Amino acid sequence: MAQLASSGTTVTLRVHRFSPKPARERDRARGSSPFARKASPFGDSPARTARRPRGKQWTQDYTLDVRGDETILDCLLRIKRTVDPTLMFRYSCGHGMCGSDAAAVNGTPTLLCKAKIADWAQPERVVDAEGFRRTVSETADAETTDVETAEDTANNAAAGLGVIELAPLPGFAVDRDLIADIDPMLEQIKRLKPYLIADGVLATTEDGKVDVLEYLQSPEQLAKYEALTTCIVCGACEGACPVYAGGEAFVGPAALINQARFIDDSRDEATYERLEAIDTADGIQACQSVRACSRECPVGIDVGEEIWQLIAQVREREA
Ligand code: SF4
Ligand code: FES
């Protein structure tokens, strides 16, 4: 266990680590064994190969002094700068704007830069003699009814705020440690034309300048899609979705939110084509309305409800 020692409240970050095998070593290993996976005669889809990274996986604990109002990203940066430069994670803005640092915190997809230590630390759990996972104090209570000893008190103090488990964003292949490969999500979004498709006729003023007034919208028209423009493409909704799993069976909530943003925009002329494009077996038809996506959106978009509205629009178009 790596330890950042000194006094004060401590927390243990339990990080699921992954180091990929170098590509050449991987290819040699595959060719050398009669049991190695053979290439498909029909070719391997990039998604299938990308989702099976080979490499070394392990769990590593880092215990460090913290303040409860620090974020997990603050702690990871300290670890990287002072203890373990090999620890890999992704971030950019540091304050909830870029979406690049989404990861699983105690199994929940969220942004590392917004996750406060005090909100996520939980007591260490151990497997007791009966096979149940209990906190250390629950186990002690079950074993003895005596008053707390000085040793117990010291142990509890040493436990500090407890443990936070960190893993890469679920539903995606892992590049390294906490870095998920979000390319499949970005490809799905790109495939659905994430830009305004206007009628292409720019009105001009008498002196030949573009008449920007042509694109004014009423407050009501803006309100229809404004909240959807705040999506930072972090992928937390995809990580929470039990159907998404890398986008092979389902285009994913982030791509659908992106489409809703343009479908609800009165300036966009491609509503029918967009509804057609998402009305496929791996599109909106694959959504099971679980709505786990709504719980995890860091900018507060009700993703499940928006997708439900899209389903209604797809059905209306068919009627
Ligand atoms: S809808 Fe929310 S959770 Fe999903 S990618 Fe956008 S910001 Fe992230
Ligand atoms: S680092 Fe940009 S959203 Fe967290």
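1. Phe-172 counts as buried in this predicted model, its relative accessibility being 7%. The residue belongs to the loop that runs between strand 8 (162-167) and strand 9 (174-176).

2. A search of the whole structure finds 2 aromatic pairs. One of them joins Phe-89 and Tyr-91, whose ring centres are 6.3 Å apart and whose planes make an angle of 35 degrees, an arrangement described as tilted. Within this pair, Phe-89 is buried at a relative accessible area of 11%, whereas Tyr-91, at 34%, is partly exposed.

3. Phe-172 has Tyr-244 as its aromatic partner, and because the planes of the two rings stand at 50 degrees, with 5.4 Å between the centres, this pair is tilted. Tyr-244 sits in the loop between helix 9 (236-240) and helix 10 (253-263), so that its pairing with Phe-172 ties together parts of the chain that are 72 residues apart in sequence. Tyr-244 is buried, with a relative accessible area of 0%, and Phe-172 is likewise buried.

4. Which residue lies over the face of Trp-58, and at what distance from the ring centre? The residue is Lys-56, placed at 4.5 Å from the centre of that ring.

5. A charged side chain is also found at Tyr-272, where Arg-317 lies over the face of the ring, at 5.7 Å from its centre. For the reading of this placement, the cut-off is that CZ of Arg be within 6 Å of the ring centre and within 35 degrees of the ring normal.

Notes:
Residues numbered from 1 in each chain as written. Chains lettered and ligands numbered in written order. Predicted model: local features only at pLDDT ≥ 70, side-chain atom pairs only at ≥ 80, totals over all residues. Heavy atoms only, no water. Phe/Tyr/Trp six-rings, centres within 6.5 Å; stacked < 30°, edge-to-face > 60°. Buried < 20%, exposed > 50% of the residue type's maximum accessible area, 1.4 Å probe, protein only. Helix = DSSP H or I, 4+ residues; strand = E, 2+ residues; numbered from the N terminus.
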